[in-house]
Amino acid sequence: MNEQARLDRLPIPFIDVAAQRRRLGGKIDAAVSRVLDHCQFILGPEVCALEQALADFCGARHVVTCASGTDALALVLMAKNIGPGDAVICPSFTFCATAEMVVLLGATPVFADVDEATFNVSPASVVRAVATAREAGLTPRMILPVDLFGLPAEHHALNAIAAAEKLFVLDDAAQGFGGVIGNRNIGTLADATTTSFFPAKPLGCYGDGGAVFTDDPELADILVSLRVHGQGSDKYDNVRIGLTARLDTIQAAVLIEKLKIFPDEIDARNRIAERYARALDGVVVVPKVPGGATSIWAQYTIRIKAGTRDAFASALKAEGIPTAIYYPKPLHRQQIYSRFPCADGGLPVTDRIADEVISLPMHAYLDEPTQDRIIDAVRRAVVR
C-alpha cells in the first residue's frame, strides 16, 4: 500500500469537537479563567449572560438554563403537573430521554408514528394517538414532538392539533436548536422548548447542560424555582418539590463563546449537507428538508436497503469512515417501554426506517477532500 492509500484509510472523526476547539483557541480558556477568578461556580454571572444571549439568538422571551436536556424535559413536565392518568403523545423513533421523564413522573407516553421523508412525528398519527389515549381511559395533556437530526418538526400542524384538543406542546429540540421554519426559530415554535448542550450536539458545552425556552413568564418563574429544589423567596422557603438542575457557570462560559460562532457553523453544516445530497441522491435515500425550513444537521442520516446496513457500515469502517445508527430499536420495541400504547394503526414507518437508517460523519469542519472521501466510499459500499 502506497503512502496516499494509507492516508486515505486513516480514521476520520464522526464529530470533530477538537477542530472546533482549535478554532476557538484561547477564547474558551479565557472564559473559563474568568470563572476560576471570580469563583461563582453555581449560577454565576455567565449563566444569566448565556440565558440572555440564547434568548436574543432565537427570539424567545424567557430562557432558563439547567443541568441537562433530560432535566429540561423533567422541569417542564413537573411545572405542568404531568402525572398519573395523563397521556403525553411522543414519537417512538427518538432517544429514550423523550419518554423517560414522562414515565418517571407516573404519566403514560403514547407513541406516534413518524413521517417517512423527515423522520419527524406525523401529525396524522398524533391525532390517532390522542384518540388511543382517550380510549385507554387516559387524559391527553401534552404533545412532545422531537426536532430529529436537526430538522424542525411540523410545528404549525402540531400546534393546530394542540389548539383543537386543548393540549400543551413541549418541543424536544435536543438535536434541533438553531433550526428555523419560515422566519421563526426553534425556541419560539411551541409552548415550551427544551434543548441539550451535550458535547456532541451542534451547540455543545464541555459536559452536560440544557435549557428551556418559553414566552410564558409564569412558566419561566416556576422553572427557575424547580431547578433549585423548588425554592421560593430564598433557599429555606421551598414552595414546591424540585430538583438540583442548575447549569454550572463554567459550562455557561463555554457556551457563550460557542454561541458566537454557531450561525457560521450552521451555514457550514448546510453547505456540507447540500454537497452530500447532490452527490448521493439516487445512490442512497438522502434526507429531505421541507420548503421554508432550515435544518442544523445534527446528524446526516441516509436510508439504505434493509438487510444491507451491517455490510455497508463494515465497508465504510474498512476505509476509516465511521457511521452511527439512530435508532435501531425504537422505544415501542424496547423492553421497558413496550408496555405503553401506540397510536391506532401501529407504527409501520418507524418499524421500517429503523432497519434502514444510518448516519454519515457530519460537523462544521468537514473539508471538501474529506467529504469526497466519504462520498466515494459510500458509492463503493453500495455497489458492493
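In this predicted model, zero disulfides are present. Cys39 takes part in no disulfide, and the cysteine sulfur nearest to its own, that of Cys48, lies 19 Å away. Cys39 is partly exposed, with a relative accessible area of 46%. Cys66 is likewise in no disulfide. For Cys66, the nearest cysteine sulfur belongs to Cys205, at 11 Å. A disulfide requires two cysteine sulfur atoms within 2.5 Å. Cys66 is buried, and its relative accessible area is 0%.

Seven strands form an open sheet with mixed pairing, in the order β1-β9-β8-β5-β4-β2-β3. Its edges are β1, residues 62-66, and β3, residues 108-112, each of which pairs on one side only. On average, and with direction ignored, neighbouring strands of this sheet are turned by 30 degrees against each other. At the β3 edge, the partner is strand β2, residues 86-91, and the two strands pair in the parallel sense over five bridges. Within this part of the sheet, Ile89 stands opposite Val110 of β3.

Helix α5, residues 69-79, lies across β1, β4 (139-143), β5 (168-172), β8 (192-196) and β9 (210-214). The direction of helix α5 is at about 160 degrees to that of β8. Helix α9, residues 217-226, also packs on the sheet, where it touches β1, β5, β8 and β9. The direction of helix α9 makes about 20 degrees with that of β1.

Terms used. Residues are numbered from 1 along each chain as its sequence is written. This is a predicted model: local features need pLDDT of at least 70, side-chain atom pairs count only at pLDDT 80 or more; totals for chains, interfaces and linings use all residues. Side-chain values use heavy atoms; hydrogens and water are left out. Buried means under 20% relative accessible area, exposed over 50%, partly exposed in between (1.4 Å probe, protein chains only). Two strands pair if DSSP finds at least two bridges between them. Helices (H or I, at least four residues) and strands (E, at least two) are DSSP runs, numbered from the N terminus. Axes are lines fitted to C-alpha atoms, for helices over the stretch in contact, and angles run from 0 to 180 degrees between N-to-C directions. Contact means heavy atoms within 4.5 Å.
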